[in-house]
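Please read the following walk through one chain with the model open beside the text.

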Amino acid sequence: MEFIPVFGWLHEILRWILASAITAFVTAVLVLLRADSGTAGIIYLVLVVWSATLAGRAISIYLAVIASFLFDYYFLEPLHSIGLSGFQSWLAMVAFVVACVVVGRVAERARRQTRQAERRREDVERLYSLSQEMMLHEDAAGLIREIPRLVEHNFALNAVLLYVRDEDQLYSSVPSISVRGKSETFSPETMRQALQEVSAASEPKFELPQGYTPMNLVFGMNSVGTLAWKPATLSREVATSVAAQVAIAITRAHAIEASARLEAARAADRLRTALIDSLTHELRTPLTAIRAAATTLLDGHGLDEATRYELATIVDEESSRLDSLIGEAMEVAEIEADGIRVRPEPLHTGTFLEQAVEESHDQLATHRVTIIVQQPDNPVWFDPHVIGRVLRHLLENAARYTPPNSRIVLRSRRSLGKVEFLVEDDGPGIDPHDLPLIFDKFYRGKQSVTTAKGSGMGLSITRALMTAHGGAIDVESTPGRGTTFRIWIPLVEKSPNAGAVAEAETSPSDQGQGTTVPAATKEAAHSVATLATAAMHPFRRKSDPV
């Protein structure tokens with residue numbers, strides 16, 4: 001690395017040699033042209049001004065001295081001698097020397113002011129570029145980590161350190177900030193403590209190791225951290241401006257994070273409130289029907305067998321609906337608490353679809369179900385419990401919104417690295433106005449409000465389950481011709497590595513996220529269903545299935 005200063009010295013020596021050569025060349029031309037003293041003096045003066053403007057004060061003074069001797073030797077009486085004779089020669093020499101000094105100083109000052117103006121322009125451009133990059137950074141949380149690199153890049157520094165007081169973290173623009181001094185090693189922890197002391201001091205006068213220059217980051221009346229850099233090439237004004245911009249960027253990033261957390265908390269509260277309100281409304285309806293039917297059954301006066309059977313049927317149906325609502329509420333609470341754990345297994349899609357239909361046998365009893373499986377049906381790795389829950393939702397919806405004896409088709413196929421499951425029906429279809437909204441929480445279309453009972457949570461649950469499994473769900477529907485729901489998951493034919501499938505650990509029950517439904521409530525719903533079944537038993541017809 002020592003060749004850099006050597007080249008610097010060579011460059012400086014070449015400048016002096018070039019200045020001497022130009023002066024010698026100009027003198028030779030003036031002698032050949034037999035120029036008079038006035039012309040020679042003006043040309044020498046121009047040469048001094050030119051050197052002061054381009055090469056600096058030292059070379060201009062050197063040229064002024066050389067030009068004075070050459071001017072005396074070749075153009076002032078007596079010629080070809082270092083000496084002056086007569087008042088006019090002395091006056092010309094003094095005027096020439098004074099002119100060289102004055103004009104050289106003026107040119108040097110102009111050159112210095114031009115250089116300073118250029119440096120200020122570059123500093124303003126760099127400050128503007130830094131502010132734009134920080135303001136337009138997409139990730140507010142990642143901006144703080146990127147600030148040292150941005151400052152280093154825009155101002156051509158070797159290294160930049162940033163200590164953030166609220167986080168008590170040290171960020172660096174270089175991979176490692178451990179630097180070895182003559183007698184000790186400065187670790188990142190040592191540097192962090194040093195910058196922390198700078199941040200805590202009202203007027204920091206600390207000297208950091210290895211040439212780092214620190215500056216306190218102040219926003220308003222509070223210190224938000226410390227910025228340190230090397231080498232110390234930034235002027236005081238530029239360093240102050242950079243520190244102010246960095247302090248504003250850190251405060252803005254923290255404000256955005258706090259606002260995002262607050263908005264997430266508000267959204268969670270709104271969701272929790274909406275869920276509780278919806279459940280309150282939906283649960284009261286079957287409970288009211290169950291209570292009315294049970295009260296009438298308990299009274300028992302003047303009831304014939306048909307009426308008793310009808311009341312017991314109401315208890316059975318409404319308790320089943322209550323159980324379904326509570327199950328959906330528990331699924332929503334599990335999803336909101338990130339409690340979905342995906343455990344893939346190797347399964348044949350045909351066998352899996354048959355099991356899904358069997359589990360929904362009661363809902364599909366009055367429909368014609370067809371299963372179509374693309375061959376060859378090689379085993380595929382997926383979680384049968386998660387995908388099974390999705391298919392049950394879709395099958396129950398198809399049975400609920402299509403007329404009895406209608407056809408429902410289940411398909412499985414492979415396409416472009418995906419495994420797709422389709423649930424097709426030939427029912428009334430979905431209104432185009434409702435189609436983009438059916439996966440929103442608690443949304444119920446016009447048809448579902450009038451033809452079927454539900455909480456509006458089923459399809460939002462299916463979308464969340466598919467997302468947890470790394471897949472997705474979409475729908476196509478034509479009013480009057482039927483609806484097709486398509487779910488897909490990544491095609492995995494070999495045992496997936498750890499983490500290849502999206503997986504979230506089941507959260508503890510005491511972590512307090514989401515909305516939970518007490519187990520006693522669900523047990524009560526099952527008890528009501530059991531009692532209703534027992535109450536209906538004496539009134540079952542011989543043709544009714546047990």
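I371 has L410 in β10 as its bridge partner. This pair belongs to the contact between β8 and β10, which are paired in the parallel sense over six bridges. Strands here are DSSP runs of E with at least two residues, helices are runs of H or I with at least four residues, and both are numbered from the N terminus. Two strands pair if DSSP finds at least two bridges between them.

This is a predicted model, in which local features need pLDDT of at least 70 and side-chain atom pairs count only at pLDDT 80 or more, while totals for chains, interfaces and linings use all residues. Residues are numbered from 1 along each chain as its sequence is written, and side-chain values use heavy atoms, with hydrogens and water left out.

Strands of a sheet pair through backbone hydrogen bonds, either parallel or antiparallel. β8 and β10 are part of an open sheet of five strands with mixed pairing, in the order β8-β10-β11-β13-β12. At its edges are β8 (368-373) and β12 (472-478), each of which pairs on one side only. Direction ignored, neighbouring strands of this sheet are turned by 15° against each other on average. Angles run from 0 to 180 degrees between N-to-C directions, and axes are lines fitted to C-alpha atoms, for helices over the stretch in contact.

From β10 the sheet continues to β11, and the two run antiparallel, joined by eight bridges. I408 has D425 in β11 as its bridge partner. The hairpin of β10 and β11 has two residues between the strands, and in it L416 takes a positive phi near 50°. L416 is not a glycine. At 83% relative accessibility, L416 counts as exposed; the class exposed means over 50% relative accessible area, buried means under 20%, and partly exposed lies in between (1.4 Å probe, protein chains only).

Contact here means heavy atoms within 4.5 Å. Helix α10 also packs on the sheet, touching β10, β11, β12 and β13, and its direction makes about 20° with that of β11.

Which helix does α10 (residues 384-401) pack with at an angle of about 155°? The partner is α12 (residues 458-468), and the two axes are 9 Å apart. α10 and α12 are therefore roughly antiparallel to each other; angles over 145 degrees count as roughly antiparallel, under 35 as roughly parallel, 65 to 115 as roughly perpendicular and the rest as oblique. Their crossing is left-handed, a term used if the near helix is turned anticlockwise from the far one by less than a right angle, with right-handed for clockwise. On the α10 side the contact is made by V386, I387, R389, V390, H393, L394 and N397, which meet G458, L459, I461, T462, L465 and M466 in α12. By class, this contact of α10 with α12 has eight nonpolar, four polar and one charged residues. Ala, Val, Leu, Ile, Met, Phe, Trp, Tyr, Cys and Pro count as nonpolar, Asp, Glu, Lys and Arg as charged, and the others, Gly among them, as polar.

Another open sheet has four strands with antiparallel pairing, in the order β2-β1-β6-β5. Its edge strands are β2 and β5 (213-219), each pairing on one side only. From one strand to the next the twist averages 20°. β1 and β2 pair in the antiparallel sense over four bridges, and L162 stands opposite Y171 in β2. The loop between β1 (159-164) and β2 (169-172) holds D168. Phi of D168 is near 55°, a positive value in a residue other than glycine, and D168 is partly exposed at a relative accessible area of 33%.

Two cis peptide bonds can be located in loops. One joins K230 and P231, with omega about -5°; P231 is in the loop between β6 (222-230) and α7 (236-299). Another joins Q375 and P376, with omega about 0°, and P376 lies in the loop between β8 and β9 (380-382).

Finally, S68 sits in helix α3 (residues 57-75). S68 is buried, with a relative accessible area of 9%. The C-alpha atoms of S68 and Y44 are separated by 8.5 Å, and these residues are 24 residues apart along the chain.
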